[in-house]
Amino acid sequence: MGGSAPRRVHQPPVETTSFVDRRDELAEGRRLLATARLVTLTGPGGVGKTRLAGRIAARVERAFPDGVRFAHLAGLHDPALVPLAAADALGLHDHSEQPPLDTLVEQLRDRRLLLVLDNCEHLLSACAELAAALLHGTSGVRVLATSRHRLALTEEHLLDVRPLPVPDPDSDLSAAATYPALALFADRAAAVAPGFELTPDNRAAVARLCRRLDGLPLAIELAAVRMRVLGVDQLVARLDDRYRLLTTGSPAVLPRHQTLRAAVDWSHELCTEAEQLVWARASVFAGSFDLEAAEAVCADTEADVVPDPAPDTAGRADERHGTGGGTGDGKGEGKGAGTDDGTSIGDGKSIGVHPQDVLEAVAGLVDKSVLSREGGPGTARYRLLDTLRHYGLDKLRQRPGEESAARRRQRDWAQEVAAECERRWFGPGQREIVARLRADQDNLRAALEFSLTVPGEARAGLGLAGTLWFYWHACGAPREGRYWLDRALDAHPEPTRERARALWVAGLLAGCPEDLTRGRHRAEDARALARRLGDPAEVAHAEYLLGLMALFGDDLPAALDHYEAAVARNPVDGQLPSLAVLDQVELAASLAFLGHTDRAVQVCEDAHRLCEEHGEEWVRSYVLRVLALAYTERKEWDRAEPHARDALRRKLAVHDVIGIGLTLDLLVVITAARGAHERAAVLLGGADRVWAGIDGNRFGSTTYNSARKESETRVRAAVGPGVFDRAYRRGGGLGLTAIVSYALQEAGRPVVPGPRRADGNPHPDSGRGDPRLASLTRREREVAELVAEGLANQQIADRLVIARRTAEGHVERILGKLGFSNRSQIAAWVSARR
């Protein structure tokens with residue numbers, strides 16, 4: 001009773017800088033994962049646990065036929081969301097009412113995969129519960145966790161991620177470049193001071209600096225940024241001064257968390273006051289964000305901004321470049337508009353930030369390695385490392401009222417984004433809309449959490465949760481949608497339009513037999529409230545849902561009468577266009593099931609024209625499926641199959657999982673009727689695997705189950721139990737993308753299933769039949785697939801966590817082995833293979 005849209009790829013964060021060699025830790029991590037099912041990387045903040053986990057996962061990927069997936073937990077605060085985040089990372093869809101962990105275990109029982117749980121320390125109990133459930137309920141799932149603290153499970157094996165080793169500055173440093181800490185500093189310093197390299201003249205100073213920073217990668221990276229204006233000796237001298245101040249003369253070595261704090265404090269002082277303020281305010285973002293979001297959340301309104309008291313614009317320009325008006329010798333370096341102890345953010349005397357100044361502040365923070373820049377859907381995005389985000393929050397909380405104001409602006413921004421996406425939903429660019437919302441998923445959660453925990457904000461939270469109806473419904477996230485809607489409805493019981501909307505959306509997300517009764521009651525409550533409020537649009541939305549309940553509840557005459565009346569009425573002002581056209585789709589389905597196929601085809605054709613006029617894809621895929629259903633009811637297989645295949649192709653494009661399941665069931669009927677029995681058995685196995693992640697009983701609907709069950713009986717009898725079982729298992733072994741690919745092949749050209757990732761995409765080792773393919777190494781096959789996706793060499797390097805020069809070499813070797821002269825030929829060859 002819903003759909004999905006393109007899912008965010010759950011991979012380790014893109015590495016925008018080189019990875020320092022951790023050969024021993026990589027080897028130990030691989031060894032532990034070969035024998036243990038739960039491995040936790042522990043260590044202090046800033047030591048590099050996430051990047052190491054990504055590298056280990058990449059090295060062991062071939063051992064997991066169902067792939068490796070990352071669940072990024074840094075942006076979560078509610079333990080209840082941990083299993084939902086894991087399911088989302090794994091591409092699993094749950095519409096049931098049973099506990100999320102039970103469903104997760106059930107869906108993973110026969111999988112062989114690695115789940116990486118990143119940043120567990122603030123959700124230890126929930127992460128431990130998740131890991132324990134997977135360890136005890138499955139046999140092929142392994143867990144790699146990163147955390148500052150252990151999960152405290154008996155099955156847990158720990159890998160302590162230590163700071164990078166640093167040589168004695170007074171020892172023989174002829175092999176200094178082999179020390180990862182020194183290599184890291186040299187790499188980062190060269191990025192801001194081109195031409196910098198380790199030499200006999202500077203390597204003792206670099207070693208002394210890295211030792212002073214305890215070999216912590218993040219501290220070293222932050223210090224290296226200062227090479228833009230300081231020499232190494234100056235950097236060491238100033239760092240020594242700062243540490244003497246922090247220890248008040250104590251000879252004791254600072255604990256590592258103080259070392260990192262000192263390095264971050266120093267970076268904070270390097271920032272201008274505007275940069276400091278943007279850093280603090282951006283810390284309310286739970287995930288990555290784009291410039292538009294930064295401008296909405298980090299800037300003051302005109303009334304809030306205090307005029308700059310300093311008339312010296314030249315000095316201000318120097319500050320914005322992080323030099324504080326300093327000279328080449330570094331005097332005055334790092335002051336910006338702050339003070340020596342970095343309290344400018346906490347003194348309540350900020351000059352404020354104009355919206356037009358946010359870009360400059362963001363650019364400055366990127367230059368200083370405070371913000372990391374990463375790719376995003378259609379625009380650049382920025383992220384604060386978790387350590388730097390918590391530092392920014394500390395600074396923000398020093399200013400009375402600043403945190404709540406920033407979180408309120410972040411929530412208002414989320415409302416505006418959701419409303420804009422809802423307005424644009426019935427039209428072109430649906431995949432881009434969903435990609436944007438998925439990129440901001442953690443920020444949407446933060447906005448909802450703020451609204452539902454701060455007094456007086458519950459109505460706004462209810463409105464946001466209801467506005468996102470298409471996201472919960474069309475992105476395969478009904479369980480999380482129900483979670484937020486249930487909380488919001490409890491928090492705001494008053495009779496408002498927001499409540500009427502939330503009631504029917506909560507009913508729409510009911511996706512299993514045990515929840516349909518509650519969904520029906522909520523739809524009825526929504527209709528009654530909307531009528532009381534005089535809101536015909538919300539009445540129409542609730543009535544769409546009530547008709548859908550009748551259709552899936554096998555009351556076809558009632559569904560027909562309901563949708564006849566809805567379509568005859570025409571859309572009312574404010575009615576969501578997607579639901580208005582879906583009224584026609586469900587009318588056509590009711591007509592087809594009742595044998596009125598001529599009229600069903602006519603209604604579908606009218607709806608299809610409307611979708612084409614608006615460039616809409618999601619509803620159009622439903623129109624095509626019902627058109628195929630109408631021709632199936634007429635036994636016109638030659639006309640039914642192309643429409644079903646077209647529907648399936650479009651549903652995969654928007655990742656409509658329930659729609660894919662329904663369409664595969666329809667193709668089973670068509671394929672069996674055409675006598676391709678073994679092929680139908682493969683499709684049956686694949687369809688049942690898709691439905692296992694939703695509701696294996698197809699919502700308990702006889703209407704949607706009967707033809708499929710009859711086809712299964714016919715196919716089993718035609719080929720015999722042995723052939724049937726083998727073909728069925730073959731289909732069940734294909735992931736979502738693979739079974740759709742199989743279904744879209746012409747009959748007689750079946751896809752040979754090979755190793756698959758968790759999302760159903762081919763494993764790089766699959767498809768060995770092509771002799772040219774056999775000439776490529778595993779890595780070259782991966783690169784060829786990424787070339788076919790349109791990625792440039794730097795993007796390929798980022799995706800595979802390799803150097804750009806290495807990626808370029810792979811592309812050149814692929815061209816030579818395949819006899820091609822350009823990348824377009826590689827892309828065409830890969831597409832033809834698919």
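This is a predicted model: local features need pLDDT of at least 70, side-chain atom pairs count only at pLDDT 80 or more; totals for chains, interfaces and linings use all residues.
Me: ok, what is the strand order in the open sheet?

Reply: The open sheet has five strands in the order β2-β3-β4-β1-β5, with parallel pairing. Strands (E, at least two residues) and helices (H or I, at least four) are DSSP runs numbered from the N terminus, and two strands pair if DSSP finds at least two bridges between them.

Me: Which strands are at the edges?

Reply: The edge strands are β2 (68-72) and β5 (156-160), each of which pairs on one side only. From one strand to the next, the twist averages 20°, where angles run from 0 to 180 degrees between N-to-C directions and axes are lines fitted to C-alpha atoms, for helices over the stretch in contact.

Me: What holds paired strands together in general?

Reply: Strands of a sheet pair through backbone hydrogen bonds, either parallel or antiparallel.

Me: Back to β2, how many bridges does it make with β3?

Reply: β2 and strand β3 (residues 113-118) pair in the parallel sense over five bridges. R69 has L115 in β3 as its bridge partner, and F70 stands opposite V116 in β3.

Me: And what is on the β4 side of β3?

Reply: β3 and β4 also pair in the parallel sense, over five bridges, and V116 stands opposite L144 in β4. The chain crosses from β3 to β4 through helix α5 (residues 124-137), and this β-α-β crossover is right-handed, meaning that with the strands pointing away from the viewer, the path from the first strand over the helix to the second runs clockwise.

Me: Why is β3 described as largely enclosed?

Reply: Six of the six residues of β3 are buried, so the strand is largely enclosed by the rest of the structure. Buried means under 20% relative accessible area, exposed means over 50%, and partly exposed lies in between (1.4 Å probe, protein chains only). Both faces are covered, with L113, L115 and L117 buried on one side and L114, V116 and D118 buried on the other.

Me: Which strands does helix α1 lie across?

Reply: Helix α1 (residues 23-35) lies across β1 (38-42), β3, β4 (141-147) and β5, and it runs at about 175° to β5.

Me: New topic, how many salt bridges are there?

Reply: A search of the whole structure finds 58 salt bridges, each being a side-chain nitrogen of Lys or Arg within 4 Å of a carboxyl oxygen of Asp or Glu. One of them joins the side chains of R22 and E25, at 2.9 Å from N to O.

Me: Are R22 and E25 buried or exposed?

Reply: R22 counts as buried at 5% relative accessibility, and E25 counts as buried at 17%.

Me: What does E449 pair with?

Reply: E449 forms a salt bridge with R487, with the closest N and O atoms 3.0 Å apart. The pair links distant parts of the chain, since E449 is in helix α18 (residues 441-453) and R487 is in helix α21 (residues 478-491), 38 residues apart. E449 is partly exposed, with a relative accessible area of 22%, and R487 counts as partly exposed at 23%.

Me: How many residues of α18 are buried?

Reply: 11 of the 13 residues of α18 are buried, so the helix is largely enclosed by the rest of the structure; among the buried ones are L444, L448, F450 and L452.

Me: Which residues are linked in a network of salt bridges?

Reply: D665, D688, R698, R708, E712, R716 and D725 are linked in such a network.

Me: Last one, what is T467 in contact with?

Reply: T467, in helix α19 (residues 458-467), is in contact with A418, A419, E422 and R501, leaving aside its neighbours within four places in sequence. Contact means heavy atoms within 4.5 Å, and T467 counts as buried at 17% relative accessibility.

Methods:
Residues are numbered from 1 along each chain as its sequence is written. Side-chain values use heavy atoms; hydrogens and water are left out.
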